Amino acid sequence: RVTAVMVIVTITVHLLLTHYVAIGELSFANIGARLAGGVVLVNDLVLLVAVVYHALNGLRMVVLDWGLSNVAGRRVFDVVLWLVGIATVAYGIWALWAWVS
């Protein structure tokens with residue numbers, strides 16, 4: 001529930017900053033300049049982490065409700081989800097970093 005609220009707030013801020021506050025057309029240089037400012041970058045990073053965590057936790061709940069009751073299987077599944085989440089966030093940070101640097 002916490003990540004759901006974080007997603008709603010950060011996506012709202014993202015949309016407001018992108019479509020209403022941004023001056024000029026959306027171009028590679030314009031997006032890079034906005035991300036270099038800091039506020040947009042921090043918001044996008046929080047949005048990235050919140051969305052990935054929220055999605056993978058939702059997937060975990062569905063799989064557990066569907067019948068993964070084995071404790072060992074649940075631990076393996078949790079580790080796999082954490083690895084997927086870390087890899088996804090790392091890739092997202094790498095993609096955002098290309099805009100900044």
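This is a predicted model: local features need pLDDT of at least 70, side-chain atom pairs count only at pLDDT 80 or more; totals for chains, interfaces and linings use all residues.

Me: Which pattern does the chain follow along the sequence?
Reply: Helices (H or I, at least four residues) and strands (E, at least two) are DSSP runs, numbered from the N terminus. The chain has four helices and zero strands. Read along the sequence, the pattern is therefore α-α-α-α.

Me: What radius of gyration does the chain have?
Reply: The C-alpha trace spans about 55 × 25 × 15 Å along its principal axes. The radius of gyration is taken over C-alpha atoms, and the globule rule is 2.2 Å times the number of residues to the power 0.38. For a compact globule of 101 residues the value would be near 13 Å, but the chain has 17 Å.

Me: What percentage of the residues of the chain count as buried?
Reply: Buried means under 20% relative accessible area, exposed over 50%, and partly exposed in between (1.4 Å probe, protein chains only). Of the 101 residues of the chain, the buried share is 26%.

Me: Which residues form the largest nonpolar core?
Reply: A nonpolar core is a set of buried Ala, Val, Leu, Ile, Met, Phe, Trp, Tyr and Cys residues joined through side-chain atoms within 4.5 Å. The largest such core has six residues: Leu48, Val52, Leu56, Phe77, Leu81 and Val89. Helices H3 and H4 each supply at least two residues of this core. Apart from it lies another core, of five residues, among them Leu17, Leu35, Val40 and Leu41.

Me: Which residues does Leu56 touch, not counting residues up to four places away in sequence?
Reply: Contact means heavy atoms within 4.5 Å. Beyond residues up to four places away, Leu56 touches Leu81, Val84 and Gly85.

Me: What volume does the largest pocket have?
Reply: On a 1 Å grid over the protein atoms alone, a pocket is an open set of points where a 1.4 Å probe fits, with protein on both sides within 12 Å along at least five of seven lines; lining residues have an atom within 4 Å of a point. Grid points are joined across faces, edges and corners, and a volume is the space filled by probe spheres set on the points. The largest pocket is lined by residues including Val49, Tyr53, Asp78 and Trp82, and its space is about 240 Å³.

Me: How many residues of the lining of the largest pocket are nonpolar, polar and charged?
Reply: Ala, Val, Leu, Ile, Met, Phe, Trp, Tyr, Cys and Pro count as nonpolar, Asp, Glu, Lys and Arg as charged, and the others, Gly among them, as polar. Helix H3 (39–66) and helix H4 (71–100) each supply at least two lining residues. The lining divides into eight nonpolar, two polar and two charged.

Me: Which helices each supply at least two residues of the lining of the second largest pocket?
Reply: The second largest pocket has a volume of about 170 Å³. Its lining includes His14, Leu26, Asp44 and Trp99, and by class it has seven nonpolar, two polar and two charged residues. The helices are H1 (2–21), H2 (28–36), H3 and H4.

Me: Why does Thr3 count as buried?
Reply: Thr3 lies in helix H1. Leaving aside neighbours within four places in sequence, Thr3 is in contact with Ala50, Tyr53 and His54. Thr3 counts as buried because its relative accessible area is 13%.

Me: Is Val62 buried or exposed?
Reply: Val62 is found in helix H3. Because its relative accessible area is 54%, Val62 is exposed.

Me: How far apart are the C-alpha atoms of Arg74 and Val62?
Reply: Arg74 is in helix H4 and, at 31% relative accessibility, counts as partly exposed. Arg74 and Val62 are 12 residues apart along the chain, and their C-alpha atoms are separated by 12 Å.

Notes. Residues are numbered from 1 along each chain as its sequence is written. Side-chain values use heavy atoms; hydrogens and water are left out.
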